[in-house]
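Subject: Handover of a structure and its findings

Dear colleague,

Please find below the structure that I am handing over to you. I would ask you to keep it open while reading the notes that follow.

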Amino acid sequence: MTMTTTEADKILADDFAPWVLELGLRVEALGEDRARLRLPWSERLSREGGGLSG
């Protein structure tokens with residue numbers, strides 16, 4: 001049984017360190033052996049020239 005993205009977001013919120021939560025990661029998709037998370041654009045996290053490392 002695969003969990004829902006809402007359930008996975010709750011795991012992030014409940015179990016990850018505060019600095020990880022500040023990244024604003026969101027679970028987009030889940031599979032039996034994978035997860036796709038999105039790191040939203042943030043000026044605070046961007047590098048010179050507008051690149052964002054994830």
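In which segment is methionine 3 found? Methionine 3 belongs to the segment before α1, the helix that covers residues 5-15. Please bear in mind throughout that this is a predicted model.

**Overall layout**

The chain contains two helices and two strands. Read from the N terminus, these elements follow the order α-α-β-β. The radius of gyration of the chain is 13 Å, well over the 10 Å that the globule rule gives for 54 residues, so the chain is more spread out than a compact globule. Along the principal axes, the C-alpha atoms fill a box of roughly 45 × 20 × 15 Å.

Of the 54 residues, 15% count as buried. The chain has an accessible surface of about 4,500 Å², and carbon and sulfur atoms account for 52% of this surface. Among contacts with a separation of 6 or more, 15% are between residues 24 or more positions apart.

Together with Ile11, Phe16 and Leu21, Met3 makes a nonpolar surface patch of about 320 Å².

Glutamate 7 has its place in helix α1. With 40% relative accessibility, glutamate 7 is also classed as partly exposed. A polar atom of the glutamate 7 side chain lies 2.7 Å from the backbone nitrogen of threonine 4.

Helix α1 also holds lysine 10 and aspartate 14, which are four residues apart, about one turn of the helix. These two residues form a salt bridge, in which the closest N and O atoms are 2.6 Å apart. Aspartate 14 is partly exposed, as its relative accessible area is 46%.

Is valine 27 buried or exposed? Valine 27 is buried, because its relative accessible area of 11% is under the limit of 20%. This residue is placed in strand β1. Apart from residues up to four places away in sequence, valine 27 touches Thr5, Ala8, Asp9, Leu12, Arg36 and Leu37.

Valine 27 and threonine 6 are 21 residues apart in sequence, and their C-alpha atoms are 7.9 Å apart in space. For glutamate 7 and valine 27, which are 20 residues apart along the chain, the C-alpha separation is 9.4 Å.

**Salt bridges between the strands**

How many salt bridges does a search of the whole structure find? The search finds four. One of them, between lysine 10 and aspartate 14, has been described above.

Glutamate 28 takes part in a salt bridge with arginine 36, with the closest N and O atoms 3.1 Å apart. Glutamate 28 counts as partly exposed, at 32% relative accessibility. Arginine 36 is likewise partly exposed, with a relative accessible area of 45%.

The side chain of glutamate 28 also meets that of arginine 38 in a salt bridge, at 2.3 Å from N to O. This pair links distant parts of the chain: glutamate 28 lies in strand β1 (residues 26-31) and arginine 38 in strand β2 (residues 34-38), 10 residues apart. Arginine 38 has 49% relative accessibility and so counts as partly exposed. Through shared partners, the salt bridges join Glu28, Arg36 and Arg38 into one network.

**After strand β2**

Serine 46 is found in the segment after β2. Its relative accessible area is 18%, which means that serine 46 is buried, the cut-off being 20%. A polar atom of the serine 46 side chain lies 2.9 Å from the backbone oxygen of glutamate 43. If neighbours within four places in sequence are left aside, serine 46 is in contact with Trp41, Gly51 and Leu52.

**Where to look**

Yours sincerely,

A colleague

Notes. Residues numbered from 1 in each chain as written. Predicted model: local features only at pLDDT ≥ 70, side-chain atom pairs only at ≥ 80, totals over all residues. Heavy atoms only, no water. Patch = residues over 30% accessible without salt bridge, like charges linked within 9 Å, V, L, I, M, F, W, Y side chains within 5 Å. Areas by Shrake-Rupley, 256 points an atom, 1.4 Å probe, with all protein chains shown as cover. Buried < 20%, exposed > 50% of the residue type's maximum accessible area, 1.4 Å probe, protein only. Rg over C-alpha atoms; globule rule 2.2 N^0.38 Å. Contact = heavy atoms within 4.5 Å. Polar contact = N/O pair within 3.5 Å; in protein donor to acceptor, adjacent residues only side chain to side chain.
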